[in-house]
Amino acid sequence: MPELPEVETVRRSLDAAVVGSRVTRVDIDRLRSVRRTGPDVVRAGLVGETFIGTRRRGKYLFFDLANGNSMMVHLRMSGRLLLAAPDSPREAHTHVVLRLERTGAASSELRFVDPRTFGEVVVFNPDDDLVPEVDRLGLDPLVDEFSFDQFHAAVGGRRRGLKAVLLDQSVIAGIGNIYADEIMHRARLRWDRRVDTLATARLKLLHRTTVEVLCEAVAAGGSTLSDTQYVDALGREGIFQTEHRVYAREGERCITCGRGIIRRVTGAGRSTHFCPVCQR
Ligand SMILES: [Zn+2]
């Protein structure tokens, strides 16, 4: 599933083509992708309108329109946003297509492709309560200030295991399974370590590694794994998977300590990868 670095990479890769473009046509051929409002609201909300900016919060992408409304896209498990020429063949599972026009440029299409159909496209007015989950999102490590004090206030003292806290979108927004495992490894902490037992020095290390891993992953264009189809809006794969030290490396020798063998444990429908030597 695309996490903060992948969603941010997608945003950056389409921003220049989308901002300043007017939507002249919307094709919807999968109702599930627009399930929150139905296709008429999405079409009526977009056609004739111009995008003035893109934003991201956690794993949510926003496309702001000149009339004050916004389009929200969540990629969920398998969603992709692709920029394409209107006459190029549409990929299988292309569910929503926006035709974009701008003066002095060839028209293009923004295509929402989603084989597993958990993803969503919503057009909303900020005054209505159509995307209430966005208000419940916690700190975004790239968008918000995310100082140690902010991090400490959000995370410190939680009486839960570290991984559960990192994955809780209402605490920190944007971290999923891959980056939680990589952050915990670099902070040398186990997934089940209760956060309220962490000394300040450990919390500082955790804060630093959170920022470090996410920033490095964004710079690398995210992670494209063998079992996922993540690419940015121009079809480019990420390369951060080559920097993973634990994720999807079970059975391999730990490259951090050179002694431990990476293990994978499952719990609550999630798998966690860690080095039993490095992480305590
Ligand atoms: Zn190790």
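Analyst: Happy to! This is a predicted model, and its salt bridges come to a count of 26.

User: What makes Arg56 and Glu8 a salt bridge?

Analyst: Their closest N and O atoms are 2.8 Å apart, and the cut-off is a side-chain nitrogen of Lys or Arg within 4 Å of a carboxyl oxygen of Asp or Glu. The pair therefore qualifies. Arg56 sits in strand 2 (residues 51-57) and Glu8 in helix 1 (residues 4-18), so this bridge links distant parts of the chain, 48 residues apart.

User: What makes Glu250 and Arg264 a salt bridge?

Analyst: Here the closest N and O atoms are 3.9 Å apart; the limit is within 4 Å, so the pair is counted. Glu250 lies in the loop between helix 7 and strand 9 (263-267), and Arg264 in strand 9 itself, so the bridge ties together parts 14 residues apart in sequence.

User: Why are Glu250 and Arg264 called partly exposed?

Analyst: Buried is under 20% and exposed is over 50%, with partly exposed in between. Glu250 has 40% relative accessibility and Arg264 has 44%, so each falls in the middle class.

User: Which residues do salt bridges with shared partners join into one network?

Analyst: That network joins Arg25, Asp27, Arg90, Arg99, Glu101, Glu109 and Arg111.

User: Why is helix 4 described as roughly perpendicular to helix 7?

Analyst: The axes of helix 4 (residues 148-155) and helix 7 (residues 200-219) come within 10 Å and cross at roughly 110°. Angles of 65 to 115 degrees count as roughly perpendicular, so the description holds for this pair. On helix 4, Phe148, Phe151, His152 and Val155 make the contact; on helix 7 the partners are Thr200, Leu203, Lys204, Leu206, His207 and Thr210. By class, the contact has 5 nonpolar, 4 polar and 1 charged residues.

Notes:
Residues are numbered from 1 along each chain as its sequence is written. This is a predicted model: local features need pLDDT of at least 70, side-chain atom pairs count only at pLDDT 80 or more; totals for chains, interfaces and linings use all residues. Side-chain values use heavy atoms; hydrogens and water are left out. Axes are lines fitted to C-alpha atoms, for helices over the stretch in contact, and angles run from 0 to 180 degrees between N-to-C directions. Helices (H or I, at least four residues) and strands (E, at least two) are DSSP runs, numbered from the N terminus. Angles under 35 degrees count as roughly parallel, over 145 as roughly antiparallel, 65 to 115 as roughly perpendicular and the rest as oblique. Contact means heavy atoms within 4.5 Å. Ala, Val, Leu, Ile, Met, Phe, Trp, Tyr, Cys and Pro count as nonpolar, Asp, Glu, Lys and Arg as charged, and the others, Gly among them, as polar. Buried means under 20% relative accessible area, exposed over 50%, partly exposed in between (1.4 Å probe, protein chains only).
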